[in-house]
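Me: Can you walk me through this one? I want strands, salt bridges and surface charge.

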Amino acid sequence: MEGRPLKQALARAQSRAKRRALLLVVPLLLFIVVTFVAPIGQMLLRSVHNDAFARNMPNVGAWFAENDGAPDEAAYSALVADLRLARENRTAGEVGTRINYELGGTRSLFTSGARGADDLEPPFATSLVEDDAKWADPQLWQVMRTASHAYTASFYLAALDLTRDGDGNIVRVPEGRAVYLSLFAKTFALSALITAICLLLGYPVAHLLATLPLAKSNLLMILVLLPFWTSLLVRTTSWMVLLQEQGVINNTLVATGITDTRLPMIYNQTGTVIAMVHILLPFMILPLYSVMRPIRPHYVRAARSLGATSWTAFRRVYLPQTVPGIGAGALLVFILAVGYYITPALVGGASGQLISNLIAYHMQDSLNWSMAAALAAILLAAVLLLYWLYDRLIGIDNMKLG
Amino acid sequence: MVADIGDGFVVFDHVQKSYDGETLVVKDLNLSIAKGEFLTMLGPSGSGKTTCLMMLAGFETATAGDIRLDGRPINAVPPHKRGIGMVFQNYALFPHMTVAENLAFPLEVRGIGKSEREAKITRALDMVQMGAFGARRPAQLSGGQQQRIALARALVFDPKLVLMDEPLGALDKQLREHMQFEIKRLHDDLGITVVYVTHDQGEALTMSDRIAVFNDGRIQQLAPPAALYETPENLFVASFIGENNRLEGTIEEVGPRSLVRLQTGELIDATPVNVHRKGQRTIVSIRPERVEFKPDMMPANAHTLDARVLEVVYMGDILRTRLAVAGSDDFIMKCRNTIGQTRLEPGQTVRIGWHPADARALDPL
């Protein structure tokens, strides 16, 4: 009887305010879409999409679409037609690179094949193979068949040390060429180790920060934050100075006679762990501190007055209350460590490299961006899995970042 | 001051405490608390009362002197071995445990078996009328309910001594009064010894057997509530507890009928407390409700003063009357709001007087 229902009236009354609020967040929304959502989406797309072969080799692609099994004369003539096309369009290198990702040493096969394609006479099945016997390799044809589809899972397979054999079955790559799985395992193991060390070192510091009188805790806080204000490169280089074979620590150890041999502490896993713990420590301390700060000393005192020893009071009363901080700090450090690049690159040597270094290699050196994207996507998936696990075990709303 | 502090249940024997090695927060504390007594430490903040409580609980160590519990020196006993229940100002209920887990904590650390534990928890919760709340978390309870749980937790392991550090400070007035009654009832029922710290004089007066008034690191007066209110021993106690009027003057006569001559020349009746000689300057303290303006309410030949009514504030149960007396503009007289009460009007002049025992000439100036 009041005319419009109440809900409608409320929506109308609030719509103006809502529009204004939306207008305020639009710039941020655009920024996130442009700088965050779009690149990640593009990366994910690139990891499953590579049309370098499919785009430039239409004839052989059509043959693959119609025929199964071993190549016949029609397949070879389609291939030669495509090679001539590639020569014309100067795309032989692009095509060769695509196949080369999956079958080593084939880039030159395509470039020289394209160069000589005009001189070939039919039947191409013999003339092409006479030119280079590799053209008859069933695995090459298998790879080309896969590559004739623009969308492919082969980068993910490769990132998991899997490949397709000549019959199209998914198999493990030979022992000597498997690098990714063990590197993933090493990355996660080292990140877990770094997280654990950060927790062990950071917990007492955070507790001290939270309980000291303000003047002293401020000073300590500056010391904790100081590394943040120093260039990452400077910090990493100073670790080089300290840890190297002729460095300060080794000199001291030898001079004091603690060891006779100089310890290899850098350009290996040890160096990566030491330097990364140092760099990531504040990310553990700060969430812990923000959780510990509001915990009043009353709780521990109450526990003590109720008959608990100081250890019991810590274990049963203090520690459980800091779990949100432990969770947040550990998650933060672990996720940062899993994707860390610059420090392992500088101090990691050969054994201290992490998966991110390999991603960088594929981005910069081998220019196999699809491979880099697949590796990065797997890393992202693993981190999301971890996040989900954390949510199940501790609850994300329990997390306090500061 | 205290000749023999004897062998009470809790004894502070010449206890001193300094945090910085320069100033003493507790100067020379001698206090004996009897078994089953409800003793309140009352004082402004910074007076040393909480420090004393913390020393008793074991969270602070005495710089000098002995603290004895049941005849045993406890200076070197860590807090968890003292077996003292404690209720904290903001309850300090463990937020990550349910109410029942909170109560189980002191029993678990004492290694008490599950069935006995549950029986004790049920009993303690029933004691504070919170039997139905065992499965709740502290955050789901109101302030008053949390207070009850804190109380139950401090009592569940049957301590002989319970310390309470301003436990009702965070509650609203009505709830506070109710809880005062509850705590007092538990004290009487269980026969425990309670040491209670507060800065709220009303709380101290309603609950305590004896009150120790703290100021400046010393006990200013240790007495039952009525004695503390009616016969304060010094100016601090008189002004800290209840309202009082102060008149400055000089002792005119000491003896069966002591007199003080005010600065404006009038003579008044007074009882000397810390002043003994004729001619000493002093401050006389008189409770507003003991001031009378009707001659038939005063003792015979009482000295009276001229007073002019400045303001009458109607407060329901009393009429708070501000008077100009002997050069002072804020002399307060409280008149009960009875049916026959004379209503004074501003501008009116009356003569006021009092019983000599109610005017206490306290400290020499």
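Me: What are the ground rules for the numbering and the model?
Reply: This is a predicted model, in which local features need pLDDT of at least 70 and side-chain atom pairs count only at pLDDT 80 or more, while totals for chains, interfaces and linings use all residues. Residues are numbered from 1 along each chain as its sequence is written, chains are lettered from A and ligands numbered from 1 in the order in which they are written, and side-chain values use heavy atoms, with hydrogens and water left out.

Me: How many helices and strands does chain B have?
Reply: Chain B has 8 helices and 20 strands. Both are DSSP runs numbered from the N terminus, with helices being H or I of at least four residues and strands E of at least two.

Me: What does chain B span, and how many of its residues are buried?
Reply: The C-alpha trace of chain B spans about 75 × 50 × 35 Å along its principal axes. Of its 365 residues, 51% count as buried. Buried is under 20% relative accessible area, exposed is over 50%, and partly exposed is in between (1.4 Å probe, protein chains only).

Me: What is the strand order in the open sheet of 6 strands?
Reply: In chain B the order is β13-β12-β11-β15-β20-β14, with mixed pairing. The edge strands are β13 (267-269) and β14 (271-272) of chain B, each pairing on one side only. Two strands pair if DSSP finds at least two bridges between them.

Me: How do β11 and β15 of chain B pair?
Reply: β11 (residues 245-253) and β15 (residues 281-286) of chain B pair in the antiparallel sense over 6 bridges. B:N245 stands opposite B:I286 in β15(B).

Me: And which residue takes a positive phi in the hairpin of β17(B) and β18(B)?
Reply: B:A326 does, with phi near 45°, and the hairpin has 2 residues between the strands. β17 (residues 318-325) and β18 (residues 328-336) of chain B pair in the antiparallel sense over 7 bridges. B:L319 stands opposite B:C335 in β18(B).

Me: Switching topic. How many salt bridges over all chains?
Reply: The count comes to 30. A salt bridge here is a side-chain nitrogen of Lys or Arg within 4 Å of a carboxyl oxygen of Asp or Glu.

Me: Which chains does the B:E108 pair cross between?
Reply: B:E108 and A:R316 meet in a salt bridge (2.6 Å, N to O). The pair runs from helix α2 (residues 99-108) of chain B to helix α16 (residues 310-338) of chain A. B:E108 is partly exposed at 30%, and A:R316 is partly exposed at 21%.

Me: Is B:K120 buried or exposed?
Reply: B:K120 counts as buried, at 14% relative accessibility. Its side chain meets that of B:D158 in a salt bridge (2.8 Å, N to O). The two are 38 residues apart, with B:D158 in the loop between α4 (143-155) and β7 (161-165) of chain B and B:K120 in helix α3 (residues 114-127). B:D158 is partly exposed at 35%.

Me: Which residues are linked in a network of salt bridges?
Reply: B:R148, B:E182, B:R185 and B:D189 are.

Me: Where is A:E121?
Reply: A:E121 is in the loop between α6 (107-116) and α7 (124-131) of chain A. A:E121 is exposed, with a relative accessible area of 56%.
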